[in-house]
Amino acid sequence: MSFRIATAQLWVHDQDEALKFYTEKVGMEVRSDVTMPEMGDFRWLTVGPAGQDDVAIVLMAIPGPPVMDEETGEQVRDLVAKGFAGTIFLTTDDCHAAYEELSSRGLEFTEAPEERPYGIDSSFRDPSGNSVRLTQVRDLATL
Amino acid sequence: MAFVPPARHLLRAKDLADARYFEPLGVDDLARAAGLSRAHFSREFRRAFGESPHAYLLTRRLERAAALLRTTDRSVADVCLSVGLQSIGSFTTSFTRTFGVSPTAYRASFPPASRYALVPSCVMRVYGRPQRRTFREDSAAAAL
C-alpha cells in the first residue's frame, strides 16, 4: 500500500480574492475551478505551483448552514483572520530571487529572507490571513 | 470589496511586531498598522490574542534575544540593541523576569554558539590547520 499527498485545503474568506492572489501575486496556476449548482453552487477551486502538477491547494470558501452552522462559520472566519488556521510551507532553490520577483508583483512579505540554521526563510500571508512560508532549505551535504 | 473580519487587521499589527521588532517600534505603530486608535486597538488585540500588544511585542523581542544569546557570541548589550530595545537595564530586568535567569546565565546554560555554526569544511581546513612546531629549524631560524 502506498499513497501520496494530492491536495490540501485552506479556508479563505473570498475565493475570487484568493484566486487573484495565488495566481497573480504568488504565480501559481489554476488547476480546477468548477461551480456545481446541484450542490448549492459549491465551487471547487484549486491552485498549484507550475512544475508540480500532482499537488494542489484547495481554496475553500467557509460554508454556511446546513454544512456549517453560523456560529462555527464565524469561529473559522475569525481563526483564519487571526492567522491560526494553518500554514503552507513552500520551498525554493533561491529565496532571495523569489523574494525579489514576488515583491515586484506587489506581494508584501511579513518576513524578508533571513538566514536560519536550516536555510534561508521568508514568509507572507494571503488576504485571508493564512500564512505561507517560502524557504530555501539548506543542503547539508554541500557543506 | 471582500468582507474583512476585524481580526485580520489585528493580525497585520501582530505581523508588524514579528517582522520589525528590531526597529524602535511601539504600540502606537502597531495600532496604526491595524487602523485603530491606540486604546481601542489595545483592547481589541487583547480580546483576539489574549495578551496586550505591548506584552506581545516585548516577548517577541525577548524570544529573539534569547535566540541570539544561544546562537551568537555577541555581547548582551549588542543583543539588546539588535532586538529593538534601548535600555540594557530594562532589557536585563525583563529578560530575567521572563526566563528566570539573567541573559548571561541563560547563555551559559547552553553549549557555546560556535558548536552550531555551520562552517564549511573548506574554511575549517584552511583556518583550522595548526602551525607546524619544530625544534632545530626554529632555533636555527632564530639564530640567523
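In which helix of chain B is Arg8(B) found?

## Arg8(B) and its surroundings

In this predicted model, Arg8(B) lies in helix α1 of chain B, which covers residues 6–20. Leaving aside residues up to four places away in sequence, Arg8(B) touches a series of chain A residues, namely Ala81(A), Arg125(A), Asp126(A), Pro127(A), Ser128(A) and Gly129(A).

Arg8(B) is buried and yet has no salt bridge. The nearest side chain of opposite charge is that of Asp15(B), at a distance of 4.7 Å, whereas the rule for a salt bridge asks for a side-chain nitrogen of Lys or Arg within 4 Å of a carboxyl oxygen of Asp or Glu.

## Polar and charged pairs across the interface

Asp15(B) does take part in a salt bridge with Arg125(A), in which the closest N and O atoms are 2.5 Å apart; across the interface of chain A and chain B the rule finds one such salt bridge. Arg125(A) is also among the residues that Arg8(B) touches.

## The chain A side and the extent of contact

On the side of chain A that touches chain B, α2 (70–81) and β6 (109–116) each supply at least two residues, and α2(A) gives the most, with four residues. The residues of this side divide into seven nonpolar, five polar and nine charged.

Taken as a whole, the contact draws 21 residues from chain A and 14 residues from chain B. The area buried between the two chains is about 1400 Å², and carbon and sulfur atoms give 61% of that area.

Key. Residues numbered from 1 in each chain as written. Chains lettered and ligands numbered in written order. Predicted model: local features only at pLDDT ≥ 70, side-chain atom pairs only at ≥ 80, totals over all residues. Heavy atoms only, no water. Contact = heavy atoms within 4.5 Å. Buried area = accessible area lost by both parts, 1.4 Å probe. Nonpolar A, V, L, I, M, F, W, Y, C, P; charged D, E, K, R; others polar. Buried < 20%, exposed > 50% of the residue type's maximum accessible area, 1.4 Å probe, protein only. Lys, Arg positive; Asp, Glu negative; His and termini not counted.
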